[in-house]
Amino acid sequence: MKYLDEFSDPQLAGNLIEEIKAVTTRRWSIMEVCGGQTHSIIRHGIDQLLPDEIEMIHGPGCPVCVTPLEIIDKAMEIASRPGVIFCSFGDMLRVPGSDKDLFRVKSEGGDVRVVYSPLDALTIARDNPDRQVVFFGIGFETTAPANAMTVYQAKRLGVENFSLLVSHVLVPPAIAAIMESPTCRVQAFLAAGHVCSVMGTEEYPSLCEKYEIPIVVTGFEPLDILEGIRRTVLQLESGRHELENAYPRAVRAEGNAAARRMLTDVFEVTDRGWRGIGTIPDSGWQLSPGYRDYDAEHRFAVTGIHTAESAVCRSGEVLQGLIKPHECAAFGTLCTPRNPLGATMVSSEGACAAYYLYRRLEVSHA
Ligand code: SF4
């Protein structure tokens, strides 16, 4: 398949690994920002093929994992209300809230529906004018344009029974927060290629400069990731700290102009809580004043949420790269994808799920 098979070529992968080995002279810690990259690294054993000196630290770039517990609990409160049709992508239904998940809400009679696009939720709203239809709009800069476009369409079409429960987060402020942490061990980043395909790369050079870190925009196939690591190590070894684009087939410096215009119109930047990490200033989007009527949090005025995180789940440390998933005592025993205690075990991009899917036999005997 074009753009997949040629980026998994074993011969070329071997060449890149040899190049990385040849230039590596000391220990380096590199964080891949995106959970999709984490899964690719673990699935293909890329971290095991690298020289021992290079440690891959798994970053917080899993949108399901970082959606704050308070928003999850609000989603369940809204979805439980009579007259509400609550629409979401499927992976959010099993994310544990304080005492249940959206599947439980559905089993208790809530009208919770899995959709494949926010526009599907808008269609449901138009087909059910006497019901309130809410779409759970989470994710990074990648998923935000489709959600923005749906709200724009709802307003344009005069669909007043549609609203968005928003929890969008932004990558560059998260990189800054990681670098500001006193426990930070990260020396370079593989930036998330799909995020940059939307937003471009203009926000990254100042981060390279301020924190003296290389940032290499990287894709998701094995050769993409190895090329990103190769470029990162070359910079580290030569003392450079620059932005490089190793994913030029998808990313341009200016990003996607139409998507960015839509985002600027519909959203505005706000402080945002990250599950397991805390509030990061200016790290998220909320609906701008012109679209505030479509904000589910305002429409439903949910109050009295008292969040309670699992006492054993260490997903906050996993998300900050402080521990690997199998260092959590519950990994693979109390916590599995069928019975997840934390969002990082639920999501298809979560680090705990990646280790469970591809590494559990190795790490359980380690
Ligand atoms: S293995 Fe489960 S309990 Fe442990 S950190 Fe991951 S999600 Fe949380």
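Trainee: Which residues come nearest the ligand?
Mentor: C313, C328, C335, G342 and C352 come nearest, of the 16 residues around the ligand. Near means a C-beta atom, placed from the backbone, within 6 Å of the molecule. Keep in mind that this is a predicted model: local features need pLDDT of at least 70, side-chain atom pairs count only at pLDDT 80 or more, and totals for chains, interfaces and linings use all residues. Residue numbers start from 1 along each chain as its sequence is written.

Trainee: How do the shell residues divide into nonpolar, polar and charged?
Mentor: Twelve are nonpolar, three polar and one charged. Here Ala, Val, Leu, Ile, Met, Phe, Trp, Tyr, Cys and Pro count as nonpolar, Asp, Glu, Lys and Arg as charged, and the others, Gly among them, as polar.

Trainee: Which helices each supply at least two residues of that shell?
Mentor: α15 (315-319) and α16 (343-346).

Trainee: Zooming out. How many helices and strands in the protein chain?
Mentor: There are 17 helices and eleven strands. These are DSSP runs, numbered from the N terminus: helices are H or I with at least four residues, strands are E with at least two.

Trainee: What is the radius of gyration of the chain?
Mentor: It is 21 Å, close to the 21 Å that the globule rule gives for 366 residues, so the chain is as compact as a globular protein of that length. The radius is taken over C-alpha atoms, and the rule is 2.2 Å times the number of residues to the power 0.38. The C-alpha trace spans about 65 × 45 × 45 Å along its principal axes.

Trainee: What share of the residues is buried?
Mentor: Buried residues make up 52% of the 366. Buried means 20 or more other C-beta atoms within 10 Å of a residue's own, exposed means 12 or fewer, and partly exposed is in between; C-beta atoms are placed from the backbone.

Trainee: Now the sheet. What is the order of its six strands?
Mentor: β4-β3-β5-β6-β11-β10, an open sheet with mixed pairing. The edge strands, β4 (111-114) and β10 (267-274), each pair on one side only. Two strands pair if DSSP finds at least two bridges between them.

Trainee: How does β6 pair with β5 and with β11?
Mentor: β5 and β6 run parallel, joined by seven bridges. Strands β6 (162-169) and β11 (278-287) pair in the antiparallel sense over two bridges. V169 has G284 in β11 as its bridge partner.

Trainee: What packs on the sheet and touches β6 and β11?
Mentor: Helix α9 (171-180), whose direction makes about 175 degrees with that of β11. Touching means contact: C-beta atoms, placed from the backbone, within 7 Å. Axes are lines fitted to C-alpha atoms, for helices over the stretch in contact, and angles run from 0 to 180 degrees between N-to-C directions.

Trainee: How many of the eight residues of β6 are buried?
Mentor: Eight of the eight, so β6 is largely enclosed by the rest of the structure. Both faces are covered. F162, L164, V166 and H168 sit on one side, with S163, L165, S167 and V169 on the other.

Trainee: Switching to R81. Where is it?
Mentor: R81 is in the loop between α5 and β3. R81 is partly exposed, with 14 other C-beta atoms within 10 Å. R81 and D111 are 30 residues apart in sequence and 8.8 Å apart in space, C-alpha to C-alpha.

Methods: Contact = placed C-beta atoms within 7 Å.
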